[in-house]
Amino acid sequence: MRRFAEAGVDKPRAAAFDVLTDVRVNDAYANLVLPALLRERRITGRDAAFATELTYGTLRTQGVLDRVIAAASSRSVTQIDPTLLDALRLGVYQLLYTRVEQHAAVDTTVRMAEAVGQPKAKGFVNAVMRTTSRSTPEQWMEQLTPEESLAAVAFRHAHPEWIARSFARALGSDAELDEALEADSQRPTVHLVARPGELTAEELALVTGGEQGRYSPYAVYLDGGDPGELEPVREGMAAVQDEGSQLIARAVVEAPLEGPDQGRWLDLCAGPGGKAALMGALAQIDGAHVDAVEKTPHRARLVDNSVRGLPVTVHVVDGRSPHIGTGFDRVLVDAPCSGLGALRRRPEARWRKRDSDIAGLASLQGELLESACLLVRPGGVVVYSTCSPDVRETREIVDRAVNEWGMQELSAHEYALGMDNVGEHKSVQMWPHRHGTDAMFFAVLRRPVS
């Protein structure tokens with residue numbers, strides 16, 4: 001902090017820079033690092049809001065910023081020292097996307113170069129910033145937008161082209177692509193889940209001043225604030241959970257079985273524990289028991305914390321071969337995925353992910369779903385879900401379960417509880433711009449009796 005203060009860089013910009021560095025060097029998550037840093041440095045009010053806008057905005061629009069920096073610079077982005085590049089990204093973001101005065105954006109970015117130990121680069125930083133400031137944001141966008149239509153939409157909304165193509169394929173056309181990509185740049189509403197048996201959504205809404213959800217019977221929407229400070233959350237009667245996740249956990253419990261429910265339920269990919277906790281609360285009401293499988297020890301500890309006091313047993317094993325018995329009535333496979341459906345919650349994520357990652361994830365997803373199909377009893381149900389709309393992680397995996405492993409697909413639409421426009425298949429595909437949830441997918445499968 002002292003180096004920034006001595007160079008005349010204010011606290012919000014210094015905080016934003018430090019988060020960008022942590023994200024770049026340590027693969028940190030900005031939505032976890034920034035709040036802690038703001039508390040540590042006692043940055044509040046308008047300063048905290050400015051730091052948040054700079055941090056999240058810069059990370060979210062990184063691809064656009066790099067194109068502008070490359071066009072305004074005498075060298076390519078890859079030739080710029082990474083520390084200087086972070087400072088330039090923050091500065092150019094202010095010029096293109098905020099109401100910060102040009103002279104303030106230029107001056108503080110030059111000062112930042114000095115603060116990070118690059119005094120000889122002040123002239124270079126000054127030149128890039130002044131060149132950027134000579135054109136309006138609209139002129140930069142017009143100059144740099146690709147000609148091909150899908151690439152142009154992706155650039156305008158600061159998404160890699162491959163993600164835009166993935167969304168278009170899942171949507172079935174390009175007609176809604178603008179809306180879908182725009183929704184990724186909007187701050188999501190906080191969704192709470194009222195734990196069944198402890199608190200109703202109506203009671204939770206009254207206590208928190210929130211609004212009852214549109215779809216899940218357990219959901220409450222909050223406009224803002226720190227949900228961790230709410231008494232129902234501190235006491236374990238409620239938690240933060242996207243409404244789409246709530247619907248998926250409920251679908252596991254509500255899907256029809258052939259034969260009686262013996263109360264043996266399984267969450268095969270339980271970390272960090274939100275769905276396991278909701279299933280556990282419902283199991284407690286129904287006299288059932290949930291086995292929760294999580295391969296990674298630190299994530300298993302998160303599950304343990306989430307399900308404390310509920311009829312849930314956590315197993316630190318691999319869901320592909322858990323060795324915990326068979327004959328389960330209900331199985332959830334909330335598979336590890338690309339997370340493309342939750343990009344709005346992690347501003348840096350869209351530039352970290354690669355199209356080439358999907359093949360490996362799809363292979364893992366198939367192995368986990370195949371395991372679930374063997375663990376469930378004849379007549380039992382498997383719910384397969386991902387927080388991704390990419391069809392390689394959704395429909396293609398489900399189609400394998402039907403065509404190769406003999407599973408019967410049931411309509412999942414009734415478990416979306418009034419959501420419309422959830423896709424042409426029996427599965428459900430949610431979207432932020434349509435439903436206000438993350439872009440989650442789920443399908444309901446049943447193992448035939450014979």
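A disulfide is a pair of cysteine sulfur atoms within 2.5 Å. That cut-off is used in the cysteine views below, and the model shown is predicted.

View 1. A search of the whole structure finds 0 disulfides. The next two views take up individual cysteines.

**View 2. Cysteine 269 lies too far from its closest cysteine sulfur for a bond.** The closest cysteine sulfur belongs to cysteine 337, 10 Å away. Cysteine 269 is buried, with 10% relative accessibility.

**View 3. Cysteine 337 is in no disulfide either.** Its nearest cysteine sulfur is that of cysteine 387, at 5.6 Å. Cysteine 337 is partly exposed, at 23% relative accessible area.

**View 4. The chain is divided into four parts: domain 1 (1-141), domain 2 (146-185), domain 3 (188-240) and domain 4 (242-447).** The contact between domain 1 and domain 2 takes 5 residues from each of them. Over C-alpha atoms, the centres of domain 1 and domain 2 are 26 Å apart.

**View 5. Domain 1 and domain 2 bury about 530 Å² between them.** Carbon and sulfur atoms account for 69% of that area. On the side of domain 1 that touches domain 2, the residues divide into 2 nonpolar, 1 polar and 2 charged.

**View 6. The interface of domain 1 and domain 2 has 0 salt bridges.**

Definitions and conventions
Residues numbered from 1 in each chain as written. Predicted model: local features only at pLDDT ≥ 70, side-chain atom pairs only at ≥ 80, totals over all residues. Heavy atoms only, no water. Domains from an automatic or database assignment. Contact = heavy atoms within 4.5 Å. Buried area = accessible area lost by both parts, 1.4 Å probe. Salt bridge = Lys/Arg side-chain N within 4 Å of Asp/Glu carboxyl O. Nonpolar A, V, L, I, M, F, W, Y, C, P; charged D, E, K, R; others polar. Buried < 20%, exposed > 50% of the residue type's maximum accessible area, 1.4 Å probe, protein only.
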